[in-house]
Every structure is written in C-alpha cells, then in structure tokens.
Amino acid sequence: MAKRMRKFLSRHSAASRKFLCSLAQPSPSAIPDPPIPAGGSANKKLHEELRKLRILLQQNRTDSAKTFLIHLSQSNSVSELYNVFCVTSPSSSKPIFADMLFSIYADSKLLDKASELYALMKKEGKFPSLSGLNAFLGMLNSSRQYPKVLEVFSDAVNAEIQIDSCSCGVAIQSAVKMGDLKRALSLMDFMRKSRFRVDSFVYNVVMGGFCKERRVGEARKLFDEMLVRRMTPTTVTFNILIDGYCKLGDLEEAFNMWEILKDTNLKPNLITFNTLLSGLCKMGRMEEANKVLEEMKTFGFVPDGFTYSVLFDGHSRCSDVDSSLALFEELVKKGVEINEYTISILLNVLCKNGKIEKAEQILNMLIQSRLTPTEVIFNIILNGYCKEGNMVKAVSTVEAMESFGLKPSCATFNTLIGRACKSGKMEEAEGWFKKMAEKQVFPTVQTYNILMNGYGCSHKFDRCFEILVEMENGGLKPNVVTYGSLINCLCKHNRLLEAEVLVNDMLGRGVKPNVQVYNMIIDGSCTSGKMEDAFQILDKMVGNDIAPTIVTYNSIINGFCRKGRAREAEELMLMIPERGLKPDVITYNSLISGYSRAGDTDKCFEWYEKMKTAGVKPTLNTYHPLINACKKEESGRTLADKIVQEMAIMNLSPDRAVYNELICCYALHGEVGKSIDLSNKMEEQGILADKMTYNSLIMGHLMTGDNLKARNVFDSMKARGIVPNSDTYNTLISWHCKLKDFNGAYIWYREMFEHGFLPVFAICDELISGLKAEGKLVEAGIICSEMSAKGLHDRS
C-alpha cells in the first residue's frame, strides 16, 4: 500500500514542497477557524494541517489540495482524517473533502481504505461523486467482492445518487459472477427504464453467464433480442454462443452460429476457431476438426498452443496414437514450441494406449531440447508404468523426477500405492505409505481411501477400521468415499451388520451417506435374500432425504426374482414411473430372468415385448434367460429360431453363455444337427467350448439313441483337457437308463465313481431298479454298498 502511495505522490512531490511553504500565512479572506478541541501534539498537528487543506479548498486550488491530502493520507488513518475534518470544518467544504479523499483511495487502489471511508460517508448520508463511485465499484468487482458491489449500487439507487451505464454494467457483472442471473436481467430492465444504453458488452456478460450454467437457450433469446433491438453483436457475442453450444455437445447449432457470423461483416478470431475445434475434438470428430483447421489457415490464423492441445486431446479421445505422433512430428519439423500442457496430453495418450516407451523417448528428446519437465509429466509416465505393472520402470521414473529437483507429490505416491493395492500387495502399499512420511509428503483423504479399498478387497477389515482411526488422529476427516469403499467390501462379503453400523457412524460424524452407499447395503441385503432388511434400509434412505434411483429399484427387483417372487418384482416395476424414473435394461432383464426361473415363458416374452416397445435395447443378458425358458416349451425350437433372428437384427453376437443355452435348447428338442452347427460356429468365432457345451451335445446324441456319437463327444472333450463333471456323468447314466441300456449305464457309473463323483439319488435309484429287473443283482448290490458307504440311502 505504502509503495503505491509513494509512486502516486512522486508525481506531485515538487508541487507539494512549493505549496507547503506558501501556507505559512493564511489569506486574509479566509473564514475564521472553529476552535481546536483539546488534545495531544499529534492531534494539534493534524488540526493545523487540515486547516491548511481547508484554506486550499477555499481558494479553489484543487490540484494543490489533492497533492497535500495525498501527503496527509499516508500518515493518518481514514477515520482520523474524516472525523477531524468534519468536526473542524464548515459543512460546505465537507463534501469536497470527502470526495477528494475517496478519489485518492480509489486512484491508488486502496480498497480497504476506500471501503472504510464509504462506510463513514454513508453513515452521514453522503456518497462519493459518480467517478469515485464507479472507481469504487470497479475495485470491488476486481477483488471479487460481488455482494458488496450490489450493496453499494443499491445504496446509490435508493439514495437517488447519480449513476450511469458504467455503474449498472459493473453491477450486472457482479450479479452474473454470483450466478444471480435473475438479478442481472432485472438490472438490464432497470437500465432501460433509466434510459441508459444497454450495449453489447452488457449483453455479452449476461449471455456468458447463461452459457456457463448451460442455459444456452436463454442466452440465444438474448441474442435474438439484440437483433430485434437493432444492436450489432460482436465477435465476442458469437464466440460466447458457439462455446455454449459446443459445451452442450450441440455442434449443429454451434456451426449454425458460425455460418451466421460469416454472413455478417464481422471477422472471426483465433478464439472462434479454437472453440469450434475444441467442440469437435471433444466429440472425437477429427475429420471435421481437420477441415476447420484448414479453414482457419485460410483466414490467416496460425494455430497456437491451445489449438495443438485441443487436437492432441481429440486424438487422445479416439485413442489414435498414430495421428498424435504424426501431429507431433509436424510440430517438430515446423519448429513450433510446445508447452508443458500440450506435451502432457500427448504423453498421456501414448501411455493410455500402452506406448509408454515411446512416450519416454519423446520426453527425453524434448528434455534435450531444453524442456524442463514438470511433476505432472513425470506422473503421467509413472501412471503408465504402474498400469502396465512394470514397477521397476515406475521406480526409475520417480528417481528421474528427483534428479530434476522435483519432489514426488502426494499424487505420485497415490499412484504407487494404488498399483500395489490393485495387485493385492498390501505390504508393498504400506512400504510406499511409509516412504511418504520419510519424504515429508503428507497423505490426503484420497491416499487413505486407496488404502481402505485395497485392504477391503483383501478382506483385511480390521486394518480398514484402523485406517479410520489413523485418519482422525492425523486431523483428516473420512469422507463418503472412505466409508463407501469399506461398506462396499463389507456388503460383498455379506457382513451387512457391520456395514449398517458404519452408516450410523457416518451420520454421527456428520458425513451424510449418499445414494451409492445406501444402494450398496440394499443390494447386499437383496443378494443375501434379506428382503425385509432391504426395505428397512430403503425407509432410512428416504427418511434422510436421499431419493432412490433406478439402481435402488433394480437391486430390490433382482432380489425378489432370485427369491422366486417375480410377481412382487413386477408390482414394484410398475411403480417405478410413479417415482419419476424409467426402467432400464437391467430392470427388464431382472424381471425376464425371474419369470424364466419360475418357468413362466409367456411372462418372459410379454416383458421382452414391453422392453422393446419402451425403446430399451435388449442385451445378451436379455436373451440368455429367454432361451432358457424356451427349453421347457414344446414350441421351444421355433422360439429359439425367432430369438436368433432378432439377435442378428440387433447386431448382437452370442457369447459363450448364449451359445450354450441355444445348443442345449436345440438338443432338447431333437435338433442335434443345429446344436453341432452352433458349436462349430462358436469355435470359428474364437469362443472355446466348455463342459456345458459338451454336456448338451452328449445329451443330444443320446436323445436320438446314438450312444457311439455320445461316446465320441465325451472322448473329444477329454482330449481337449476338459474334465467331465458330475453333470456329464449324470446325463450319460440317465439317458442310458431311459434307453434301457442298464449295462452301459453301469459302465458309466463305474467311471463316475472312480473319478470321485456320485450320481444324484433319483438317477441312482433308476439304475439300481433297472439292474435288478435284468437280474444283475451283484452290480445293483455293489452300487447300494458304495452309496451306503458314502452315507446315502441303501436300497438293498
């Protein structure tokens, strides 16, 4: 402050010395001074100096008075100067003095002093002049004291003090900065009623505010209003709207504004082109971006650092490493200097796509070209190596960072700790955590959250609870993510009581659980079949003003379906629209699966049709339960054909689960040829057959009575290293019994028993009965004896 005052005073120092000497004798025409109140020598000195100032003001020597007052303002407080002058001077000179002092503080950018003087003046019903007021409003606005701007402006309006369009403009700027766009519009109306000109600057400010809040439609209305009022928009006006539309993702409207701009006499600037490029690149529309880039060059603009950053970002979003490298090589050839931000985007796209060595090669080349790498750049390389799992290179990256005099930050250690946690190497994670302390890098809440999640996934819940205590001892408050990580892990391991206790602990510590936390516990309860508990949590959730989401309802619907309560799930499904939500693909899939488990094929297809009518696109998880339901229907083969056709229309390729359901469905309906064709197609697509595939093919051949082909499939299965399971043997024994080949069934039983499996009781019972009927009592006795030895019922 003193520095500013010295600078301001230096311009007047010579004049100051001259008139200070001339004040030895007052003018005879001066008005007699009021009596000086009793006080110390300092007080008397100030009174004397203010007397001299008053004489200058009476003589209309304004410049000399201002220079002298600057000198006084350096050594006296605001209240001293103002109060003493007001007490010792006639009322006629008070406004002149106050306005002059105010202008001195405003010119010197001394906001605190100007604010103090304003408060003293306002207390006595006085206000600064228009120029002083505008300077004061400008200072407040520059200092981001937006509420104070509006308060001072309102004071002036209410006191009917002179204001102008400049005063109104600053007030509108402050209202927009506060996000109070309603007030900004009201102030624009006030300007019109006061017959002040609302210029393009004011419109631009308010339009910019609307666009910042993504209310571009309202900004466009103001633009249209400008045209109706015959005001000429500026290039800035168009840039604001183009940027607003781009950020909304409405590129069509952004380019409409671009065409309107070109139809006017206005010329675009570099910001116009960069804004359009940014919008296209964020949407990954790089071909169009390149066309805009060429058009930009025809207007005579040279791409700047921001242009290249945007282009690199676009290639990054498209994972287009080749284009990123080509652009980089182009810049190197042209000798364009690339800033750290642009480099970081390039390195990031390379690291994200597994080209970490190339990223490091480019970095080393740039370092040799006198680039000073930043911590952010090293952290990008580090993150790439950590994702790859190459911890040797990750550690060497940290060492390289330190060799450049850069201290590893919390973000650096968080990356290292996160990688160790993801790999389940919690001792290594703790090692990096201790290294932070050695390097005097303080952990953040995010650091602890990473550790919390790591220990939770490793089922080390005691350590998780210790971390909560450590955080609080270190002065860090666990947030909703901290608790959420632990609650999620507890719910996945069916430790629901502890999860609920944690929610209560959150509330007790002033951390409000969010919808995700409640959804975790509701889903955990539903997965465990505890539907009543799920509804109790739902009630608590609503009671704490947390609105359920579609995820919440999906968990409950899925829980009902798993419990065989599909009707209740359907009732809840019908209530979802009443809650202002829309069922999604998971909602429909859960209900279809529920009715599939219940064996209600008609309901499965009813909800499948409703799903399509609602515009929800089916997924593979939709078709899996549908095909499963077809297996039980006489018309199953026809329904399966229809499903295959619809999947083709949806451009959905079956996965292993869907192929297996189709193979099984066709086999059950005697279409073993189709089953074989599907298994071959499955293999052609690189999806290897598994036990379920072979079991279905074995069943299909047995159903047609072709035991030899069934045996061949079994041998092929074993040759490929797929070990038959109990389902395989149960299928073989059961169908041999159905074909009255009890001797063949007994052979399969012996192999099954030797491999440590036992047939299900019903199949075993059927085999024993068949053997006895054929007089093979020894074999039947052996089975009974072996079953008895295993603790199963002995029919002998």
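Close-up 1. F535, at 28% relative accessibility, counts as partly exposed. The model shown is predicted, so local features need pLDDT of at least 70 and side-chain atom pairs count only at pLDDT 80 or more, whereas totals for chains, interfaces and linings use all residues. Residues are numbered from 1 along each chain as its sequence is written, and side-chain values use heavy atoms, with hydrogens and water left out. F535 and F560 form a tilted aromatic pair, with 5.9 Å from centre to centre and 45 degrees between the planes; rings of Phe, Tyr and Trp (its six-membered ring) pair if their centres lie within 6.5 Å, and planes under 30 degrees apart count as stacked, over 60 as edge-to-face and the rest as tilted. Because F535 lies in helix 31 (residues 531-543) and F560 in helix 32 (residues 550-562), the pair ties together parts that are 25 residues apart in sequence; helices (H or I, at least four residues) are DSSP runs numbered from the N terminus.

**Close-up 2. The edge-to-face pair of F102 and F136.** The model holds 22 aromatic pairs by the ring rule. In the pair of F102 and F136, the ring centres are 5.2 Å apart and the planes stand at 85 degrees, so the pair is edge-to-face. F102 belongs to helix 6 (residues 94-107) and F136 to helix 8 (residues 130-142), so this pair ties together parts that are 34 residues apart in sequence. F102 is buried at 0% relative accessibility, and F136 is buried with a relative accessible area of 0%. Ring pairs link F102 and F136 with Y118 and F127 into a cluster.

**Close-up 3. Lysines over tryptophan rings.** A charge sits over a ring if NZ of Lys or CZ of Arg is within 6 Å of the ring centre and within 35 degrees of the ring normal. The charged end of K610 sits over the ring of W607, at 4.2 Å from its centre, while K738 lies over the face of W735, 5.1 Å from the ring centre.

Close-up 4. With a disulfide taken as a pair of cysteine sulfur atoms within 2.5 Å, the count comes to zero disulfides. For C561, the nearest cysteine sulfur is that of C604, 9.8 Å away, and C561 is buried at 1% relative accessibility. For C737, the nearest cysteine sulfur is that of C764, 9.4 Å away, and C737 is buried with a relative accessible area of 1%.

**Close-up 5. The largest nonpolar core and the surroundings of I172.** A nonpolar core is a set of buried Ala, Val, Leu, Ile, Met, Phe, Trp, Tyr and Cys residues joined through side-chain atoms within 4.5 Å. The largest such core has 244 residues, of which F97, I172 and I487 touch the most other members. This core draws at least three residues from each of domain 1 (573-727) and domain 2 (728-795), with domain bounds that come from an automatic or database domain assignment. Leaving aside neighbours within four places in sequence, I172 is in contact (heavy atoms within 4.5 Å) with A184, L187, M188, M191, V202, V205 and V206.

**Close-up 6. V310 in helix 18.** V310 is placed in helix 18 (residues 305-317) and is buried, with a relative accessible area of 8%. Apart from neighbours within four places in sequence, V310 contacts L277, S278 and C281.

Methods. Buried < 20%, exposed > 50% of the residue type's maximum accessible area, 1.4 Å probe, protein only. Helix = DSSP H or I, 4+ residues; strand = E, 2+ residues; numbered from the N terminus.
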